[in-house]
Amino acid sequence: MERVTNVLCGSPLPAPLAPNAPEKPSRLLCKAGRVSVEVSPRSGPVPPPRRLAPQINTPTTWEQLLLDDRFGNRLLEYLSPGEKRVLAQVCPRWRDLLYRSPRHWAGLLPVVRCAELRPCTQQERDRLYVSLVRRGFHAVCLLGATDEDALDLVASFPAASKHIHSLSLRCSAVSDRGLEALLDHLQALFELELAGCNEVTEAGLWACLSPRLVSLTLTDCINVADEAVGAVAQLLPSLYEFSLQAYHVTDAALGFFSNKQAESLTVLRLQSCWELTNHGVINIVHSLPNLTVLSLSGCSKVTDEGVEVIAENLHLLRCLDLSWCPRVTDAALECIACDLNQLEELTLDRCVHITDIGVGYISTMLSLSALFLRWCSQVRDFGLQHLCGMRNLQVLSLAGCPQLTSSGLSSLIQLRHLQELELTNCPGASQELFEYLREHLPRCLVIE
């Protein structure tokens, strides 16, 4: 019991000094700004009174230990977010301890399932919103919301006006009216995500978007097309991050960005924009020269020429995602290796025309720390020999590469700085190989 208490609550205080223990002499001068004391000719200088450290009651029983705040806070550090959520429902004691410190909920996004919230009483809704504030949440996600749910949040959660900084609407039937009510109420909002909101129109975005937004995500919203991008370009001068998944956005939309975003917008993610071609890439590099993160995942019409334009113009790029771009070949990788000297992360999943030659180009990039080659069907063991020379590589994914053998994969033990290695669905990987890799790369997480 004493050992558990000492470890989790700290060692007990040392015993106080004996009453007759000699004091260390001190010399106090009577000058301005200093403490002066009277001196007796018989006894000499009188020392100032000592301050005794506050006594800390150390638990001596299991019952006292479970009620000790220091022990409780240390114990909570070992629990997962899911376990903390369940523990908060056990009793008021644990709930109050968890709610007292926002650090217990850091990195989590509370999801409000509106279908489950509707039958609740007003008192239950109020308790939910109060708990969000007590736990220090500044973001909230509404799942399956309608206009009525949006208006109810506005009426029942007045603290959200200044407390909520990030809002996500997912798979919701909120219309322009509901979105406008939410954005008018959330005056401290600077991050907005709309995912699967098919009732929101481009006209609604023109009416609702506020200049204070710095991060915007539009995903799988059927009414989003070129006009929506125009609204973003015109109404959000301080935009830092823009993520867009829209099947009907064309090259022309990417020419709407002006000098307003040229300095501020550094993260652009375009996912499954099927109509985007090399002309759209040209519009991107001319309008947004300061990009550090660019994703063209699923933009299947982009070719090597488009990647060459990126490499020649976007020299500040740190992360580039070309996954699911089937027209990208080794020639594009040569341009990337020659011109993008600051690139740290490269994603080439499902680029089926990449071969060992292209991997050889990549291996010359000294700044690269993360490389993803999932389901690159033409990469062989010879390409892995090139990768073994990348001493700064920390994350490598070869999941689903069918032509890699156990012999080639075993050579990866030369990557001593590797922290994560993904070999899911690799036919050449065996249990013996996984054990061999874990033995020689003890600091690396090997994902089977």
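Entry 1. On a 1 Å grid over the protein atoms alone, a cavity is a set of points where a 1.4 Å probe fits but cannot get out, and lining residues have an atom within 4 Å of a point. V140, L153, F157, A160, I164, L167, L182 and L186 line this cavity.

Entry 2. I noted that this is a predicted model, in which local features need pLDDT of at least 70, side-chain atom pairs count only at pLDDT 80 or more, and totals for chains, interfaces and linings use all residues. Residues are numbered from 1 along each chain as its sequence is written, and side-chain values use heavy atoms, with hydrogens and water left out.

Entry 3. I turned to the largest pocket, an open set of points with protein on both sides within 12 Å along at least five of seven lines, and found about 1,000 Å³ of space in it. Its lining has 26 residues, and R85, Y99, L128, S131 and R135 lie nearest the centre. Helix α7 supplies the largest share of that lining, seven residues.

Entry 4. I then looked up S131, which sits in helix α7, residues 122-134 (a helix is a DSSP run of H or I, at least four residues, numbered from the N terminus). S131 is buried, with a relative accessible area of 7%, where buried means under 20% with a 1.4 Å probe and protein chains only.

Methods
Helix = DSSP H or I, 4+ residues; strand = E, 2+ residues; numbered from the N terminus. Buried < 20%, exposed > 50% of the residue type's maximum accessible area, 1.4 Å probe, protein only. Points joined across faces, edges and corners; volume = space filled by probe spheres on them.
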